[in-house]
Amino acid sequence: ACANRELMGDLLRGEWNFTGFVVSDCDAVSNIIHSHKFVRTDEEAASVARLAGTDWDCGSEYVYLVSAVEMGLIDESDIDRSIGRVLTAAFALGLFDPVDVVPFSNVTMDVVKEHESLARQAAREAIVLLSNSREVLPLSTTHTLSVALIGPCIDDPRCFRGDYDPDPLYISTPLSALQDSTPFVVTAVHGCADVFCASNASFPQAVAAAVAADVVLFVGGITSDVEAEGNDRLDIALPGLQEELISQLNATGKPLVVALTHGGPLGSPSLLLRRLSTLLSIGYGGQEAGHGLVDVLTGAYNPSGRLSATWYESVDQLPPMTDYNMTAAPFGRTYQHFVDMQPLFPFAFGMSYTAFQVVSVSVASSAPIRPCDVVTVNVTVVNSGSVIGDHSVPVFFEYGAAGPYFPPRRLVAFDKVYGLAPG
């Protein structure tokens with residue numbers, strides 16, 4: 001793409017009238033020669049990228065522009081054009097102005113506190129309640145509860161940071177957040193040294209803590225040490241012996257809440273995760289992950305998240321990675337084509353502490369729907385439970401005749417109702 005004149009010249013600047021500057025993905029210009037073998041020299045790679053419209057190289061390949069000019073591959077005026085675009089943006093941002101006239105140089109702590117509140121909101125709204133069959137949640141806050149907090153992610157900040165995340169001022173972990181909550185007396189045992197959970201040596205200590213507690217909270221999952229750019233997973237199951245530890249905790253008979261961190265979907269070849277009475281997907285919750293989790297555990301926030309990807313039972317339900325066909329055997333890719341088998345948890349699944357009912361659906365027009373039509377769908381949702389809550393309403397389009405380019409169904413819209421009271 002960084003060497004594509006049609007994309008950046010004809011389309012971006014021509015048809016779309018874009019006047020800003022274009023930055024490459026990091027090392028993308030270097031990849032033109034060293035990975036894609038599109039050209040033969042570094043000078044050619046730098047030249048074709050700049051002439052195509054890539055103004056700024058996130059990498060080191062543009063150091064070869066000097067020798068490229070000397071070789072006659074590019075003119076200085078072509079380089080000056082990019083410099084002008086970059087400097088124009090820098091002037092617009094006030095980077096050359098006195099500090100006292102740049103509003104962004106005097107950000108007060110009030111703004112920081114506001115953003116911390118937003119981070120907490122994002123952390124708790126992202127949590128997905130996958131099961132609550134014994135209604136262990138929300139936990140009672142009217143009397144003191146002893147909590148056995150177990151798992152590799154109870155106080156490891158890496159569990160709540162995704163790939164390519166900035167350094168936060170702090171990270172609220174489940175341990176620190178529960179210790180801040182007065183109704184709980186917490187006993188913390190890792191059980192696993194890290195998410196790879198290579199040893200069961202500490203399992204007896206974890207099980208003993210669970211037996212002695214009123215409720216058990218396991219926090220595990222995966223981190224960017226397991227999944228990241230350039231670090232693909234070979235399996236979607238929980239790493240190492242995590243499932244074995246969860247199984248032993250579940251066998252104690254104590255109320256067990258399992259909360260899992262992840263970016264991509266998780267699987268469970270043994271189907272243990274499906275059998276658990278209380279399961280939460282908490283993603284990578286960021287700096288307020290712990291407080292967001294406690295808000296959901298205590299009912300201070302009623303969970304409203306939905307899965308953004310299908311959770312398959314195992315890689316056995318997935319086509320080979322070498323087959324890019326969306327309808328590839330055995331079952332097809334994504335929720336759009338995975339229709340003949342039961343996944344671990346389906347796309348867009350998510351539960352609540354209350355109950356919602358869609359009581360009416362109507363389409364504003366009865367005319368046949370044609371490509372590119374804008375269709376208004378009116379949906380009435382009723383909270384038929386006893387707790388106030390938020391509710392996301394997904395809208396799927398089902399094709400009359402599915403084919404290789406027309407999946408059986410596709411998500412086309414969604415909306416969220418906030419603060420819907422019972423009745």
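Which residue forms a salt bridge with Asp 167? In this predicted model, the partner of Asp 167 is Arg 161, and the closest N and O atoms of the two lie 2.7 Å apart. Asp 167 is exposed, with a relative accessible area of 69%, whereas Arg 161 is partly exposed, at 22%.

Side chains of opposite charge can pair when their charged atoms come close. The structure holds 15 salt bridges, and a few of them are described here. One joins Arg 158 to Asp 156, with 2.9 Å between the closest N and O atoms. Here Arg 158 is partly exposed, at 44% relative accessibility, while Asp 156 is buried, its relative accessible area being 14%. Asp 156 falls in the buried class because its 14% is under the 20% cut-off.

Another salt bridge brings together the side chains of Glu 227 and Arg 233, at 3.5 Å from N to O. Glu 227 counts as buried, with 14% relative accessibility, and Arg 233 is partly exposed, with a relative accessible area of 23%. Arg 13, Arg 50, Asp 55 and Arg 85 are connected in a network of salt bridges.

The sulfur links come next. The model contains 3 disulfides, and, with bonded cysteines counted along the chain, they follow the pattern 1-2, 3-4, 5-6. Cys 26 and Cys 58 are joined by one of them, with an S to S distance of 2.0 Å. This pair links distant parts of the chain, its two cysteines being 32 residues apart. Cys 26 sits in the loop between α1 (5–15) and α2 (28–34), and Cys 58 in the loop between α3 (42–52) and α4 (65–70). The torsion about the S-S bond of Cys 26 and Cys 58 is about 55°, so this disulfide is right-handed. Both cysteines count as partly exposed, Cys 26 at 46% relative accessibility and Cys 58 at 25%.

A disulfide is also formed by Cys 153 and Cys 159, whose sulfur atoms are 2.2 Å apart. The link of Cys 153 and Cys 159 is left-handed, with -70° about the S-S bond. Cys 153 and Cys 159 are both buried.

Cys 192 and Cys 197 make up a further disulfide, with 2.0 Å from S to S. The torsion about the S-S bond of Cys 192 and Cys 197 is about -50°, so the link is left-handed. Cys 192 is buried, with a relative accessible area of 2%, and Cys 197 is buried as well, at 1%.

Cys 2 itself is buried, with a relative accessible area of 13%. Cys 372, by contrast, counts as exposed, with 82% relative accessibility. The exposed class applies to Cys 372 because its 82% is over the 50% cut-off.

Conventions:
Residues numbered from 1 in each chain as written. Predicted model: local features only at pLDDT ≥ 70, side-chain atom pairs only at ≥ 80, totals over all residues. Heavy atoms only, no water. Salt bridge = Lys/Arg side-chain N within 4 Å of Asp/Glu carboxyl O. Buried < 20%, exposed > 50% of the residue type's maximum accessible area, 1.4 Å probe, protein only. Disulfide = S-S within 2.5 Å. Helix = DSSP H or I, 4+ residues; strand = E, 2+ residues; numbered from the N terminus.
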